[in-house]
Every structure is written in structure tokens, then in C-alpha cells.
Amino acid sequence: MVPVPISADAERELVDVTDEWKLDFRHVVGPLGTYFMPESIGTGGALADFDGDGRLDLLLVNAGKSPRATGTLSEPLPDGCGLWLQKSAGHFQDVSATSGLKNHGYGCGCAAGDINNDGHIDVLITNYGCDQLFLNRGDATFINITADSGIDDSDWGLSAAFCDYDRDGWLDLFVVNYTVDPRYDHSVACGFHHGLVSYCGPHKFQPTVDRLYHNEGVEVREDGTSIIRFKDVTEEAGLAASKTYGMGVLAADFSDDGWPDLFVANDGQPNRLWINQRDGTFREEAAARGVAFNVRGIAEAGMGVASGDVDRDDRTDLIVSHLTTESTTLYLREDDGQFTDATAAKGVDAPTMRHTGWGIALIDLDLDGRLDVPMVNGLVIPCHSGFPFHGEDEFQVRNDTIDNPAAFWLDYADVNQLLMGTPDDRFVAAPQRGGDFLAVTASGRALLHGDLDNDGDVDLIVTNCGGRARLYRNDFRRAGHWLSVRLFDPARSRDALGAEVTVIASKVSRRQVANPASSYLASNDPRLHFGMGDSGSYEEIRVRWPDGPVETATEVFSGGETDRFLELRRGEGRMVKDSKMSPQINSNNHQ
């Protein structure tokens, strides 16, 4: 794939400021030639205020040396994950060497959240191998507490999310695992009769189980020190009954009962929607609710996933990225808790059919009040090779010499995409917009989004296989107003991850869920960003908090002017009975 030429007079609406911000991160893998599958899956990261100064910082996960490769890496592997603090506006300071984020594994994705309610954001790194849990000391330096925490899953973890699934005030953890290969440890190529080889696909290996960990709280030990502990509740929660090839994750209330559910995008198998039964267990209802397959009843290669209120009806919709020929799929939520595949009706099918999508977002880039879809693409088979997806069923143990890694990854390159929202709630491809974001050819994987420069619009960060991460500043000409909303719970001393927020302006509702885990391998800005269009003010903001009794969890905050940052603190609004908590919309109606 090649980028569509951008005319000389076109606006650079997403500007590459990677060097200006002093961001220097490269995805280090190899030496290439063993076709170790995690090389092609990529790495992700997190946007969060790790040092508490009010500015977003950036964590990026690196990979490492492939276990059966010989020779040396083309460049030195950093000792751990990369951490960049935004010490001054518009510039990062690389503090990786002193951060303590020394990952003992082959890194993939991450989740960010305050697991011990001390006001500091902690980090879970997913690995090919045991995932790693890091506790923030309070100054953006971290200590690895994996050994004492109860996190001991050695499967291949990809995306992860913190959420309070039992509403007890402590963030629990859900980790999506990919595949298992006890014979080759994924260091094997898949062949093709033309003599070509490539990375194998998931269906060549065994599916596995996603993991749910319950936060047991802080335990004070005999020596006076304390530790935060998690318990693996996968079996008792009912999640072990399903083995899949998991890639993307979202934690949100899809059944309108006030309890968080879990959506998993699966690669080549039906997606899973685990509906919270409010007793510590979950029931799988993806097929019953319309999100397991596309409109043709076909399971697709789900990778990234994002949520948003596409048609402004105060309901959470879903979008999932897929392989080329499958298109990205848009699921709209209906009144009865069901979802409808609206991919074709909303114009998403044709523009995305020829691309392989990974990281994805539903965000309003130009502030016109309508959600847009930036999407990061990258191939899984060599470009223009005629190679069947992930090869045939012929395994080949290889140790080829790849003299030019940059040329190797160029064969897996694609262009990014941008779909812009229209007044009739459809999406149109915008190849002449997006500036530098669309002008690059690479093998993209993670897409992170957040207001990095605190100017009221959403910026983007992209990771690329074997290449540099890129930061794109949002310079879209503003078509409207905006609101940035932080949800804070003073009793927990942290962001209220899982809170549901509805902003009402000019009698139009806009809904978002305050959980940063979405896209692919990513954790995004925990603040909620609303494009408000022509609305220079709003009537009210309704918040449903994520813990405690559901009956007393909804507060209404009074209206005000837009174009500002808000911090809504629990207990400072007006408590109301939530009319959306209707008992007929729950899992009991989807047997």
C-alpha cells in the first residue's frame, strides 16, 4: 500500500512532532529470521499522568531478543520499558533508566490504573511469558511487585484492562491471552508453495483462556510492610469455559445494570461478551446480543476495539478492526440491549476492506460533535506476495539471515486511515485529511490517544513493528467547542475508572465510559474528551460512579460553559435515581 498524495496546499491536520517532543522509541525485535510470532504482533503503551503534575506522560513497552534467534540485535535493546515524563509543556524527558520499569519478559501491551488507592497510577505489562505488575512509588519510579501480588499467568498476554467488576472500590484486572504453542514456542514459519515463508496465524496454534484477577486489597505483613494482592478467579467467574485467540479488550456496562461487562475481540473466532451476573460470575452472551459475528454470521479476525456513542443516543457502540477483505465492523447498540451490525449502513465497509487494522479509536478530532475513526494499519503477510493469510499448514523451522530489517518490515507495511463523521452519523474516508498521520507507510500496531498538550483536542501516538513510535499533534481546524472531563473519587484518591458520563447539550446526549483500556495493547488518556460542535454550553452532566450500591451511584452536575477542563468529584453533585437502570434490560433476557 502507498499513501494517497496530499496536495501542497492541504492542511497538515495531524502533524508529526516526534522529534520536537524528544520522543525516541524504536520497537526492537529479532534478530529476524526465526519468524517468532510475537515480533509481528507489536507493542503498545500507556498515556497517563504518572508523576501527578497535571500533564500526560508516556510509557511504551519494548519487546526483546527472539528466544531461538542467533546473532545479535541490529541495535541495543533498552533495559526495560520506555518512560517519558512531560516535565515541561510540549517536551518529553526520557527517564527510562531510572524508572524501575525493568520488564522480565518479552513485552506486548499494558494497562494503567491505581491498584492500591494511593493516588498514583500503577502499571501492568503483558508479556509473552509471565505478566509483570509495577507499583508507582509516587514519583513516577516503580517497583516490581509481581512475585508477591498473585499475578502468575505465563500465557501470552496482549491487551489488559483494570476495572472494578464487583463494585467494591478496588480495581480488578482482566488480561486477554492469545495463543499457546508447546511444540515450537511460536518460533516457526508457515510455508507457501512459491517458496515464501511468513509469520504463522493463530489458527496454527492452540487457543487459550483469558484471565480475571480479583483485587484482594492491601495486606500488611508481619514486618510492617504492605503488599497489594490479586487472586486468580478465572475458574470461579466462569471465564475458563471459553478458549479463544484474544487480542483487544473493553470493560464497560453493556447490559445497563450498572455492573461492568467484558468484551473481547478474538482473532478468527467469535468475539466474546461476558455479561456480569453481579455475583462474581459472568455469562457469555456475544452471539445473543449480536457482537460475536458480522452481519453475515461470520467470525472475523478481531484485533483492536473502541467504544463511543456514534449516533448520540446515550448508548455505548462498538467498533472492531480486522484483516483485509473483512472490513472494520461497527456495532450500534439498540434500546433492548442488542447490537446491530451497521458497518455498511454507516459507510465503514468499503474504505476499510483493503486494509488490516490494529489500533483504533472513536474520538472527535475536529470538535464538530461527531466521532471520527483514526485507524492504524499493518500487514500480516508480505505485501503483493500472493501469500495466503498466515501461510499454509506447512510449518518450517527457520533461522534465516535478514540483512536489512527495515526492508523486511516494509514488506509488511500499510498506510493509516482516517474516517470522518458526517452530519447524518455516517463515516467517510478522508485521504486528503490527516496530514502526516496518513503520509507514512509502516507496519503500525498500537494507537494511543489523549490531549498531550492540554489544548482541548486529542493527539495520537502510534507504535510500528521494527520502527519508531510517532507522535501526531492535532492541528485540525476547530469546527466547534469541547469539554475535557476528569472523574475523581476522593474516597479512593484516584480516577474513577469505569464511571459512565453523559453530557447533555442542546437536548443532545453524548455518552462515554471512563476506562482508558481500548484500541490495541493500549491505555489512553483517562480523561474523557467531548467534541461539542456548536454548543457553547451544556445543560448538565450525568455521572454513574463505578462502585458502591448501584441505587446511589448516579449524580447530576449542573451545566456551564464549554471549552474547558472539568474535574467532577464524587459527592459534589446531586444524587438522583438513574432512569436508565431499567430491570428489563439485563442478562436475564438473553438466555
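Student: How many salt bridges does a search of the whole structure find?
Tutor: The search of the whole structure, which is a predicted model, finds 39 salt bridges.

Student: Ok, which residue meets Arg 278 in a salt bridge?
Tutor: The side chain of Arg 278 meets that of Asp 257, with a distance of 2.7 Å from N to O.

Student: What about Glu 567, which residue does it form a salt bridge with?
Tutor: Glu 567 forms one with Arg 486, and the closest N and O atoms of the two are 2.9 Å apart. Since Glu 567 belongs to strand 46 (residues 564-569) and Arg 486 to strand 37 (residues 481-489), this pair ties together parts that are 81 residues apart in sequence. Glu 567 is partly exposed, with a relative accessible area of 36%, and Arg 486 is likewise partly exposed, with 29%.

Student: Asp 525 and Arg 527 then, buried or exposed?
Tutor: Asp 525 and Arg 527 are both buried, and their side chains meet in a salt bridge at 2.9 Å, N to O.

Student: Which residues do salt bridges with shared partners join into one network?
Tutor: The network consists of Asp 253, Asp 256, Asp 314, Arg 333, Glu 500, Arg 511 and Arg 544, joined by salt bridges that share partners.

Student: Switching topic, how many residues of strand 20 are buried?
Tutor: Six of its six residues are buried, so that strand 20 is mostly covered, with buried taken as under 20% relative accessible area. Asp 261, Phe 263 and Ala 265 point one way from strand 20, whereas Leu 262, Val 264 and Asn 266 point the other way, and all are buried.

Student: How many bridges join strand 19 to strand 20?
Tutor: Six bridges join these two strands, which run antiparallel, and one of the pairings places Gly 246 with Asn 266 of strand 20 as its bridge partner.

Student: And what do strand 20 and strand 21 form?
Tutor: Strand 20 and strand 21 form a hairpin with five residues between them, and Gly 268 in the turn has a positive phi of about 85°. Three bridges join these antiparallel strands, and Phe 263 stands opposite Leu 273 in strand 21.

Technical notes. Residues are numbered from 1 along each chain as its sequence is written. This is a predicted model: local features need pLDDT of at least 70, side-chain atom pairs count only at pLDDT 80 or more; totals for chains, interfaces and linings use all residues. Side-chain values use heavy atoms; hydrogens and water are left out. A salt bridge is a side-chain nitrogen of Lys or Arg within 4 Å of a carboxyl oxygen of Asp or Glu. Helices (H or I, at least four residues) and strands (E, at least two) are DSSP runs, numbered from the N terminus. Buried means under 20% relative accessible area, exposed over 50%, partly exposed in between (1.4 Å probe, protein chains only). Two strands pair if DSSP finds at least two bridges between them.
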